[in-house]
Amino acid sequence: MTPADDQRWLDAAAALAARGRPLSRPNPAVGAIIVKDGRVVGRGWTRTGGRPHAEAEALAMAGDRAQGATLYVTLEPCAHTSPRGPSCTSLLLTSGLTRVVIGVEDPDPRTAGSGIAALRDAGISAELLPLPTARRSLEGYLTRATLGRPHVTLKLAMSLDGRIALADGTSQWITGPQARAHCHVERSRADAILVGGATLRADSPRLDVRLPGLASRSPQRMVLTRGTAPAGWTAVADITAPGTFGDAQFLFVEGGAGAAATFLVADMVDRLLIYRAPIVIGDGLACIADIGLTSLADAHGRWRNADRRTLGSDTADVYERVR
């Protein structure tokens, strides 16, 4: 395999991992592809509830064809035993694979390099290939491992002049159907979704996923409030308190302006998803409340554009926090 081949197959494994998000929790959504003589002989992704693991799925599909093949996997194979099944490293050691290409070393101290070491000790070539696609596919798991909280996306749907509603609060609809459908896909990739108390009272949002085939992936609904939450919702009073978001790896914040400001002030936004409609509102409601910024210099260098696309007449921009 050439370096370009390795990158292509590991990118494909990262794309495959998306099938397990977010249903794999509490485990990360991992993608795995087994390639032999330039052809895929096995593939897998982490299944609902975290088992089977991606590597086990790929090996089961490959069977004897795994002999002499290469495994591309987004996360280092686990090396610890579990009541739910054997470690992936132990499966690989008896699989006949000759090479394993890994996107991210597992930060879990139960593995943390020991999976790679065990493979190498057994004569299997184990190589780290740190690609952005692999890391991005695991950003919820990695954020929880390093910061103790979920990876947070703040979504804003606004006019060209940064308004999310008319002055009287009317906001349906700022963006068109294509942008709204895209937002529902984004919801389906989150473990939990949150709005501020004012937004809940004013709009009574459903916050579910209303796309064919994805309704079962509606995230857990949360509201930022010091009061009580409606039935089926979880009240969040302090976003910085340990354990606030349970085992969620991905949190989708849909506003409003107060909730957006709360997360930005706490520096808990990892990704901005901004939908812009080609309209100008003027004296309407701002998309973000005051965040205490006193110097423009402090505003620069914090975000980098990761994606930009056209959705019907609207545009969508993704910005990632520079850390």
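This is a predicted model: local features need pLDDT of at least 70, side-chain atom pairs count only at pLDDT 80 or more; totals for chains, interfaces and linings use all residues.

User: Which residues lie nearest the centre of the largest pocket, and which elements give two or more residues to its lining?

Analyst: The lining is the set of residues with an atom within 4 Å of a pocket point. In this case 36 residues line the largest pocket, and R136, S137, E139, H151 and E320 are the ones nearest its centre. Two or more lining residues come from each of several elements, including the helices α1 (3-17), α5 (132-137), α6 (139-147) and α7 (177-188), and the strands β6 (151-158) and β15 (314-321). Domain 1 (3-143) and domain 2 (148-321) each supply at least three residues to this lining.

User: What classes of residue make up the lining of the largest pocket?

Analyst: Sorted by class, the lining of the largest pocket consists of 15 charged, 14 nonpolar and seven polar residues.

User: What is the volume of the second largest pocket, and which element gives the largest share of its lining?

Analyst: The second largest pocket has a volume of about 1,000 Å³, and α7 gives the largest share of its lining, with seven residues. This lining has 40 residues, of which K155, S171, T199, D203 and E254 lie nearest the centre of the pocket. By class, the lining of the second largest pocket divides into 21 nonpolar, twelve polar and seven charged residues.

Key:
Residues are numbered from 1 along each chain as its sequence is written. Side-chain values use heavy atoms; hydrogens and water are left out. On a 1 Å grid over the protein atoms alone, a cavity is a set of points where a 1.4 Å probe fits but cannot get out, and a pocket is an open set with protein on both sides within 12 Å along at least five of seven lines; lining residues have an atom within 4 Å of a point. Helices (H or I, at least four residues) and strands (E, at least two) are DSSP runs, numbered from the N terminus. Ala, Val, Leu, Ile, Met, Phe, Trp, Tyr, Cys and Pro count as nonpolar, Asp, Glu, Lys and Arg as charged, and the others, Gly among them, as polar. Domain bounds come from an automatic or database domain assignment. Grid points are joined across faces, edges and corners, and a volume is the space filled by probe spheres set on the points.
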